[in-house]
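Thanks, everyone. I'll take one structure this morning and go through a few of its residues and elements. Here it is on the screen.

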Amino acid sequence: MNWGFIGFGRIARKFLESLNAVEHEVPYAFASRSNAGALQKEFPEVRVYSSYADILADADIDIVYISTTHNFHCQNVIDALNAGKHVLCEKPIGVSSDEVVKMTLAAKSNDKFLMEAMWMRFLPAYREVIAKIKAGEIGQVKYMTASFGFRSEDKLTQDGRLLNPELAGGALYDVGVYPLTIVSDLFGWKPVDFKAHAIKSDTGVDETIQIQLDFGQDRMAQVVGSITMNTNKEACIYGEKGFVRIPMFWKSESYEVVKGDDVEVFYAPMISTGYAHEIMEVSKCIKQGKTESELFTLNDSLMSAKLVESILSTIFK
C-alpha cells in the first residue's frame, strides 16, 4: 500500500524506518506544515506537501499515518477518513471518549479501516508473555505494577508539547496509557475503584501520575507515568505460582518468568524499530476487508479514553 504521513517528527521517523522494513508497504508522501521544504530535500523520492488537505487529495495514497500532536488527532483522522483513506493514528487517538466515538462513526460511514497505533500490543515478546500469563504460567494473577517515566530537558520548556495543555500535554496522555493498556490486557478496562494522585506542572498538566486500581476478586494494579522523572520502566505481573518481569515493557524484546529461585529468560526480538508489527497487522486487516483490528479494537480505544477521562476528572476537579 501507499502510505501518506500527516505530521513528521521523531516518532514518524522511527515509523518510517519500520515501514521500509515491511515488504510491499511504500512511504509515498509526507505532509508537514513546518518543514516541507527540508523534507523534500531529505527525501527526494517522496512526494511532500505543506498542506494536509493536499495530501488527502492525492488519489494514489491508500492509508494515512497520523502523528501530529494529540489535540489535532480527531480532526486529522476524520478528514482522512472522509477523503477515502484508511487511517492509523498515534496514541492517544483521541483526548476524550466523544472524540473516539466521532472517529469511529466516521470510519464506519466511510467503510474504512481505523486503528490507534498502540504498537506495544503487536510486539512478539509482549504478545508471547501475555498469552503465557493468560494460559496460567504463573497461576491466577492477583497484582501487577507498571511504570513509564522519562525526563527530557529539551522537551520540558514552557512552550514544549509535553507541558502544554493546549496540545493535550501531560504524563497520562503521553506515557500513562501504556501501563494502563497492559493492565487492561489482564484485568480489563473497568476497575471497580481507583485512586489517582498527580504532581502538576506550572502549566497545569500532570507531570507525574500514580494510579492504584482495584478490579475486584482480589485483583489490584498500580501504574505510574511521568514526563519529568525517570522510572525503572518495567512491568511486573504477580501470580500465585510466581511472577513475570518485563523490562521496558512497551518495547520489550525479552521477559523473565520467576518461580521461587528459578529464573527463566525468554527472548522474542522485534523487526526494525518495532512499528513493523503493527504495520503488518494493519496491512493484513485491510487486505482481508476488515475495518478494525481484533488485536486493538476501536472499543479498546473507547474504553481507554473513558478510563483516562475518569482518572483526569479526579485530578483536575
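K91 is buried yet has no salt bridge. Buried here means under 20% relative accessible area, exposed means over 50%, and partly exposed is in between, with a 1.4 Å probe and protein chains only. A salt bridge is a side-chain nitrogen of Lys or Arg within 4 Å of a carboxyl oxygen of Asp or Glu. For K91, the nearest side chain of opposite charge is that of D174, at 4.7 Å. In that count Lys and Arg are positive, Asp and Glu are negative, and His and the chain ends are not counted.

Before I go on, the sources. This is a predicted model, where local features need pLDDT of at least 70 and side-chain atom pairs count only at pLDDT 80 or more, while totals for chains, interfaces and linings use all residues. Residues are numbered from 1 along each chain as its sequence is written, and side-chain values use heavy atoms, with hydrogens and water left out.

Back to K91: what does its side chain reach? It reaches the backbone oxygen of D174, at 2.4 Å. A polar contact is a pair of N or O atoms within 3.5 Å; within protein, one must be able to donate a hydrogen and the other to accept it, and residues adjacent in sequence count only if both atoms are side-chain atoms. K91 sits in the loop between β5 (86-90) and α5 (97-110). Helices (H or I, at least four residues) and strands (E, at least two) are DSSP runs, numbered from the N terminus. Leaving aside neighbours within four places in sequence, K91 has contacts (heavy atoms within 4.5 Å) that include H70, H73, E116, Y173 and D174.

Now the salt bridges. The structure holds 12 of them. D185 pairs with R121, the closest N and O atoms being 2.8 Å apart. D185 lies in helix α7 (residues 171-187) and R121 in the loop between β6 (114-117) and α6 (124-134), so the pair ties together parts that are 64 residues apart in sequence. Are D185 and R121 buried or exposed? Both are buried.

Another salt bridge joins D193 and K195, with 3.5 Å between the closest N and O atoms. D193 counts as partly exposed because its relative accessibility is 39%, and K195, at 48%, is also partly exposed. E294 and K290 meet at 4.0 Å, N to O. E294 is exposed, at 65% relative accessible area, whereas K290 is partly exposed at 32%. Salt bridges that share partners also join R47, D58 and D60 into one network.

Next, strand β1 (residues 2-6). Five of its five residues are buried. In a regular strand the side chains alternate between the two faces of the sheet. In β1, N2, G4 and I6 are on one side, W3 and F5 on the other, and all are buried. Two strands pair if DSSP finds at least two bridges between them. β1 runs parallel to β2 (residues 26-31), with five bridges, and parallel to β4 (residues 63-66), with four. The bridge partner of N2 in β2 is V26, and W3 stands opposite I63 in β4.

Last, K287, in helix α8 (residues 276-287). K287 is exposed because its relative accessible area is 60%.
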